[in-house]
Every structure is written in C-alpha cells, then in structure tokens.
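Grab a pencil and open the viewer. Here are some exercises, each with a solution worked out step by step.

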Amino acid sequence: MRFLIYRYNPETDAKPYMQAYDLDIDAGNMMLLDAILLIKAQDETLSVRRSCREGVCGSDAMNINGRNGLACVTPLSELKEPIELRPLPGQPVVRDLVVDLSQFYKQYRSIKPYLINGDPEPEIERLQSPEDREELDGLYECILCACCSTSCPSFWWNPDKFVGPAGLLQAYRFIADSRDQATAERLDNLEDPYRLFRCHSIMTCVDVCPKGLNPTRAIGKIKEMLLKRTV
Amino acid sequence: MSIAKRTFDAVIIGGGGAGLRAALQLAHADLKVAVVSKVFPTRSHTVSAQGGIAASLGNVNEDNWHWHMYDTVKGSDYLGDQDAIEFMCRQANEAVIELEHFGMPFDRLPNGKIYQRPFGGMTQNYGGTPVMRTCAVADRTGHAMLHTLYQRNIAAKTHFFEEYFALDLVMDDHGYALGVVALGIESGEPVFIEARATLIATGGAGRIFNATTNALINTGDGLAMALRAGIPLEDMEFWQFHPTGIAGAGVLVTEGVRGEGGYLVNKNGERFMERYAPNAKDLASRDVVSRAMAVEIHEGRGCGRDSDYVELKLDHLGPEVIRQRLPGIRELSLKFAHIDPIEAPIPVVPTVHYMMGGIPTNLQGQVVMPTQTGPEEAVLGLYAIGECACVSVHGANRLGSNSLLDLIVFGRAAGNHVIEYLKENPFPRPVPDGALDRSMARLARWDDKRDGITVDELREQMSKTMQKHCGVFRTEEVLQEGVKKMLEIAARLPDVALRDHSRIYNTGRIEALELENLLGVALATMISAAARKESRGAHARDDYPQRDDSNWLKHSLYFSDGHRLDFKPVRLKPLSVDSFQPKARTY
C-alpha cells in the first residue's frame with residue numbers, strides 16, 4: 001500500500017514536503033496506526049504522537065485523506081490509496097505529523113472546565129437524578145483530540161479569540177450539569193462577538209468527531225440560553 | 001553540557017490518576033507542585049480504564065469495608081499486605097465521594113446516588129453473594145476520572161511540564177531524593193527539576209509483553225528509574241492476564257460486561273465457568289477466569305477456525321442495557337472485532353493487563369527498601385503511587401475496580417505525607433557534583449552510537465520472549481530458558497543505535513530511552529518469576545501447581561545490581577481488625 005506523509009523537520013528542512021512510503025501489507029483488519037507504526041519501524045525519523053491505540057486518549061489525531069480523524073480507529077481498508085497523511089490543519093507544525101496545540105488547550109482552559117459549586121460539601125455524594133445525569137451524555141465523553149476545532153474555519157481564522165467547538169462543548173457540559181452553579185458566569189464569559197458567536201454552524205466539527213459528539217448542538221443550546229437571557 | 005534548573009516544592013513524575021490526585025492534594029495546600037508527563041495528561045493510560053472504581057457505599061446492596069477488605073485479601077491470594085488493604089478499603093467511600101464532589105459524572109440510581117455494579121470477586125458477607133460495589137461512569141470510568149482530576153488541577157493552577165520525558169532520579173549521598181532530570185520532547189533539551197519531594201507515578205509496563213491491553217506509553221519508566229537508583233522492585237512475577245482482551249487486537253473489554261450479566265462460552269456454547277467456579281461463575285477473580293479460558297483453549301474447546309479464543313456473550317442483555325451501560329464496549333467491538341455485541345458474541349482471549357508488583361512503599365506512599373541496619377527504611381523525599389508502586393494492596397492478583405481506587409487513595413495519602421515532610425524539610429539540600437551525570441550519560445550514549453541494530457528489533461525480541469516464557473502457565477524449563485534469553489537480549493542493548501540524532505520532537509530517541517526502561521522491567525519480571533516455585537494468584541506454574549504458604553508467603557525483591565533477589569514477609573496484621581488467615585481459595 002502506498003502512503004504519502006507530510007514531513008517537516010525544522011532543524012534540517014527549509015520547507016515541508018510529502019514523502020512516499022510503500023508497505024507490502026494486506027489491509028485486512030489493520031488500523032491506520034498499525035501501518036504508521038510499521039513505517040516508523042522502517043524510518044524512525046518520522047514523528048507522530050500515539051498512546052492508547054484504541055480511540056480514547058486522543059493522541060493520534062491527524063488529517064487523513066483530507067479529513068481529520070484518529071489513526072488508531074481508522075480502518076485501513078476504508079482508505080483510498082495513496083493514503084495522504086498531514087498534520088491537523090491550521091496549527092503550527094512542530095515536526096512531521098505533530099502540531100502545537102497550545103491555542104487549543106488555552107481555549108479549553110478559558111471556559112473554566114471544572115464544576116463550580118459553592119455550597120458546603122455534604123458528607124455523601126451530591127444527588128443527581130438519572131435524567132439530569134443523562135443531560136451530560138454526548139458532552140463529557142470528549143477526548144480533547146482537537147479533530148473538531150482544527151477542522152473549523154472559524155477556529156483557523158481566530159484561534160486566539162474563538163473558543164472553538166471542543167471548548168464550547170465542554171462549556172456546555174458544565175452549564176448542563178445540575179450540580180454546577182455558575183451558569184450566569186459561564187454565559188457572561190461567552191457573550192462576546194468572537195468567543196461563541198464566531199460559530200456559523202458549518203458543522204465540520206460534527207462530521208469529524210471520532211466519538212460521535214455534536215458540538216454544534218451544544219453551541220446552539222448556549223446561544224439559545226443567551227438569547228433567552230436578553231429577552 | 002549546561003543544564004537549566006527549575007525549582008518546586010514537589011515534583012510528580014506521571015500525569016495519570018495517581019499523579020494528578022497527589023498533585024491536587026499538594027496544590028490545595030498552597031505548595032508549588034510540578035507534574036512531569038511524557039504525554040499531555042489526559043492521554044495517560046488511566047483514560048482507558050472502563051468498568052469502575054470499588055467502594056462499599058452500599059447504594060444498592062448492604063455493604064461495608066470489612067467485606068471489601070476480605071474480598072481484596074482473598075483476591076490477592078493472601079499475598080497482599082493486610083494493613084494496606086484495610087487502609088484502602090476504609091478510605092474508599094470518602095475517596096470516591098470526593099471524586100463526585102470534584103465533578104466526576106457518575107451514573108446515577110433513581111434515588112440520585114452513585115450507580116454501582118457487580119464485579120469479579122466482590123461479595124457480601126465474606127465470600128457470599130456478589131455485591132454491587134463498583135461505582136461507574138458507563139464503561140468510561142477512567143476517562144471520566146482522569147479528565148475530572150485534570151480539570152481540578154487546572155482550577156488549582158498546578159504547573160505542568162507537558163511532553164517532558166523523565167530520565168532519572170537525582171539523589172544525594174545520604175539517600176535523599178532531590179528531584180528529577182527530564183528531557184523536553186519538543187525542545188530536545190534536558191532540564192533539572194529540583195524538589196524537596198519527588199513522587200513517581202508512572203504507571204505500568206505492559207509493553208514488556210507482545211500482547212497487552214496497555215497503551216504504547218506503558219514502558220515502566222519510573223520502575224527502571226528506581227532500579228537505576230539502587231531501589232528494588234517488589235513482586236514483579238505477578239502480572240494480571242485480563243480474561244477479556246479482544247482476540248487479535250488486545251483491546252480491553254471491561255469485566256463490567258460480566259458484571260452486567262454477560263458470560264463466557266466455549267465452542268460448544270457451554271458456559272464453562274460454571275465448572276471452574278460454581279458460585280461466582282464468570283465473576284470469579286481474574287486469575288481464575290483467565291486460567292479457565294486457557295485450559296478450555298488448550299483442551300480444544302476454543303472457538304473459531306484455530307480454536308484459539310472463547311466468546312463473551314452479552315446479546316441477551318438487550319440493546320437498552322448495552323447502549324446505556326456499555327456504549328464504549330460496543331464501539332470498541334464494532335471497530336476492532338467488526339461485531340455488534342447487541343447481535344453476536346465478542347471473541348476474547350486472556351491478555352496482559354496489570355502489574356501487581358512495583359516500587360515497594362509504605363502506607364504513606366514513601367518508597368522503602370532494606371538497609372544494612374534494619375529490615376526496611378523509607379527513602380527520604382521519595383514516593384511512589386499507583387500501578388508503579390507496590391504497597392501491596394493487590395498481592396498476587398488484583399480485583400477489578402480496585403486499581404482506580406488504589407490511585408486515588410494512595411495519591412491522596414502520599415500527598416498528605418509530602419505536606420508534613422516538607423514542613424520538616426523546609427530547605428532544598430545541596431546537589432552534589434555529578435548528581436546529574438547519569439542522565440547526561442544516558443543521553444550522550446544515544447548521541448554517540450551511530451551504527452547498530454534498531455530499537456524496534458531489540459524491543460520485538462524482548463516482547464516476544466516475555467510473551468513466550470512468562471505467560472499464563474509457567475514451568476521451570478520455560479522460565480529458565482526465558483531468563484537466559486532475556487539476559488542475552490539485555491546484553492545486546494549497547495549494540496542498538498539511533499538513525500535519527502536530531503533534537504526537536506525526536507520520538508525515535510524517546511523510544512530508545514523507553515527500551516532501556518523496558519529491558520530493566522522485563523529482566524526483573526523474568527528473574528522474579530523463575531525464582532517463585534509455587535502457584536499463587538497470577539503466577540501459575542504447571543510444575544508447582546499448589547500455593548505453598550510455608551515457603552512462599554513472602555514478597556520478592558529484585559535488585560538490578562547482580563540481578564539479586566531478596567524477600568520480605570507479608571504483613572498479615574491489619575491496622576485494627578483481626579487477620580484473615582490464608583486458606584484454600586475457591587469461588
């Protein structure tokens with residue numbers, strides 16, 4: 001199988017280039033990451049992040065034949081050759097398939113991604129009904145792989161000002177939590193022409209999320225809450 | 001080479017569940033704490049934990065920590081230290097409630113309390129009926145826990161060295177830990193992180209084996225660092241084979257599947273665990289279930305063309321339960337086995353999953369080792385927590401859902417002890433000349449050597465040898481041959497050379513440094529396993545099929561210097577209750 005992989009080593013390369021690799025393998029049940037590891041065994045200069053190899057840690061997000069995804073849960077058999085691998089778009093490239101995600105993490109931190117509840121702590125758990133808990137499904141499962149935010153044109157243009165789909169999904173995860181008491185503060189934090197409203201519902205985030213989550217819906221709910229608040 | 005220095009009150013190596021829990025305790029005490037992690041913290045292997053975390057909350061059935069303690073002692077095949085087990089089980093409720101208060105999104109019961117499910121070996125009334133003790137977030141409990149702890153650390157303003165690879169502990173001549181030298185993966189530059197307390201929380205090392213549920217990052221870095229500092233590793237012969245790894249892929253399927261009512265069948269469709277464990281059946285402890293599966297496969301009752309796996313049946317649970325309680329498993333099964341468990345059983349094999357042994361510690365997480373003057377003393381300023389530590393609560397076999405508990409109970413306990421220790425040791429100790437030399441020599445070695453075999457080649461030899469010679473069933477001949485081979489493989493390390501000597505984000509160099517660590521841990525495992533001439537928990541020998549309490553009710557200690565073994569007694573005396581005396585173990 002033929003692979004075309006984006007290569008860039010800032011120490012030696014004036015500019016990036018695509019390198020071809022051929023593997024004599026049968027796609028079978030192999031995942032893309034398996035093939036990348038075989039290539040890495042041949043050519044140890046290729047840099048890529050990877051950890052869990054089962055789609056829960058979010059390390060090996062990359063652009064695969066033009067679409068963001070996780071290499072470890074992308075079946076080789078579903079990919080057209082030559083398989084083109086590029087780093088996540090719109091982020092500074094550190095080397096090869098490794099990008100600098102500082103802006104992404106900074107936006108995540110900016111939404112205060114932790115439960116805020118000023119009540120005295122009970123000696124048992126804070127109670128939550130199964131229905132209230134269900135509100136968190138489709139939100140808490142985010143693995144911070146950055147597939148969504150780095151496929152979003154609004155995030156490409158304004159990564160310093162627009163929170164991006166991943167951060168906004170998490171903002172709503174805490175707004176939606178019946179145990180959280182900071183909804184007003186969280187909405188204030190997002191009421192801004194850029195932080196939230198740069199989302200134009202292009203929905204590439206929904207399309208690429210490897211966990212099947214829907215940031216656009218979460219963003220819509222935040223917008224709705226802001227609208228209700230002003231009425 | 002000059003080396004940058006950063007100074008903190010405490011440094012934690014590893015950003016998984018144990019490391020982040022300890023970091024939180026220290027940050028809440030207004031200490032300057034740094035976490036060094038070779039991956040962004042939420043990429044740590046805790047994220048892969050599925051089924052849940054044990055605590056005798058009794059939200060569904062009557063329960064108490066005495067029963068949990070008994071189950072854990074029995075599960076450990078009596079090798080666990082009963083003071084540590086009492087400590088963990090007593091603290092479990094508080095530790096789990098604390099996670100809920102931190103914001104962890106536990107599943108809920110109709111009354112609003114935390115949802116609990118049955119798990120292997122967890123019973124009521126000292127070995128009676130199965131109890132619902134395992135607190136769960138669907139089948140993504142580790143993910144929810146790790147993200148919650150990371151989020152709390154953001155709030156607490158913990159300092160993170162993200163993507164820094166720890167090279168070696170820095171110690172002085174009096175045996176105090178002074179911090180750690182780490183390599184910035186992106187910059188390729190080393191940094192000395194000085195701290196009055198150093199905590200090792202680097203997790204497991206399943207990658208010494210060829211087939212494992214462990215993440216690719218689980219290379220035993222902290223264990224090898226300890227070995228290089230002259231600290232022994234305890235009970236390294238005990239590696240848990242999880243009964244249900246997806247055949248071929250090695251990806252884990254939680255025991256929670258069997259907790260929710262799933263069961264194993266052989267090629268005849270027989271629910272074979274009824275023969276091996278008439279009471280607990282599929283919810284017997286993991287060593288028992290894995291051995292039963294291996295016997296079924298060995299005797300020709302495996303499924304598939306090559307009769308080399310058994311099947312995990314859960315379609316009878318119905319789509320509702322599978323979608324609500326086991327959605328992650330369904331996703332993994334669809335992706336890695338191309339099977340929808342709502343319709344068909346999942347092919348599974350016992351797969352290396354968890355290391356019961358590790359760096360010996362006391363209940364406060366302090367690293368302990370034998371001294372010339374006494375049986376055991378703390379290494380001052382040095383702590384180990386989580387899977388890399390051996391306190392020992394899991395003994396010869398860990399019960400499912402006790403590992404997440406171990407992380408937070410001992411992460412917190414170590415944090416609390418560090419706070420006191422730092423009060424008594426308010427100033428950094430002088431760093432002796434040459435204390436950083438070992439780290440710099442490690443880096444230089446990989447820079448200097450230009451020709452030789454590849455990292456990948458030697459790593460593969462190691463992992464295949466470990467798989468073949470240190471598997472579910474072990475014999476003297478297989479083990480001794482394994483020791484010989486592993487010594488030969490380790491001796492080839494100086495022949496390995498890098499092709500890539502660049503600085504920036506050189507993952508080839510990181511894998512070479514990891515290989516050094518893996519080899520140290522593999523040798524410790526192989527040599528400890530060859531020495532133990534009995535069957536206990538996960539260590540099963542065909543030639544010594546019985547547990548031998550008169551000779552082997554003791555912990556092993558492996559020192560890398562001369563590959564020497566020592567032993568220490570099991571602490572059978574709990575903190576406040578009567579001992580559970582070793583007896584025959586049936587489920």
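**Exercise 1.** How many residues does the largest nonpolar core have, and which of them have the most contacts inside it?

*Solution.* Before counting, note that this is a predicted model, where local features need pLDDT of at least 70, side-chain atom pairs count only at pLDDT 80 or more, and totals for chains, interfaces and linings use all residues. Residues are numbered from 1 along each chain as its sequence is written, chains are lettered from A and ligands numbered from 1 in the order in which they are written, and side-chain values use heavy atoms, with hydrogens and water left out.

Step 1: A nonpolar core is a set of buried Ala, Val, Leu, Ile, Met, Phe, Trp, Tyr and Cys residues joined through side-chain atoms within 4.5 Å; buried means under 20% relative accessible area with a 1.4 Å probe, protein chains only.

Step 2: read off the answer. The largest core has 254 residues, and A:Phe3, A:Leu32, A:Leu76, B:Ile53 and B:Ile359 have the most contacts inside it. Helix α15 (residues 507-531) of chain B gives the most to this core, with 14 residues. Helices here are DSSP runs of H or I with at least four residues, strands are runs of E with at least two, and both are numbered from the N terminus.

Step 3: look elsewhere. Another core, of eight residues, lies apart from it and includes B:Phe238 and B:Tyr354.

**Exercise 2.** In what order do the strands of the open five-stranded sheet of chain A come?

*Solution.* Step 1: the order is β2-β1-β5-β3-β4, with mixed pairing.

Step 1: the edges are β2 (17-22) and β4 (67-70) of chain A, each pairing on one side only.

Step 2: go inside. β3 (residues 61-64) and β5 (residues 83-86) of chain A pair in the antiparallel sense over two bridges, and A:Asn63 stands opposite A:Arg86.

Methods: Buried means under 20% relative accessible area, exposed over 50%, partly exposed in between (1.4 Å probe, protein chains only). Two strands pair if DSSP finds at least two bridges between them.
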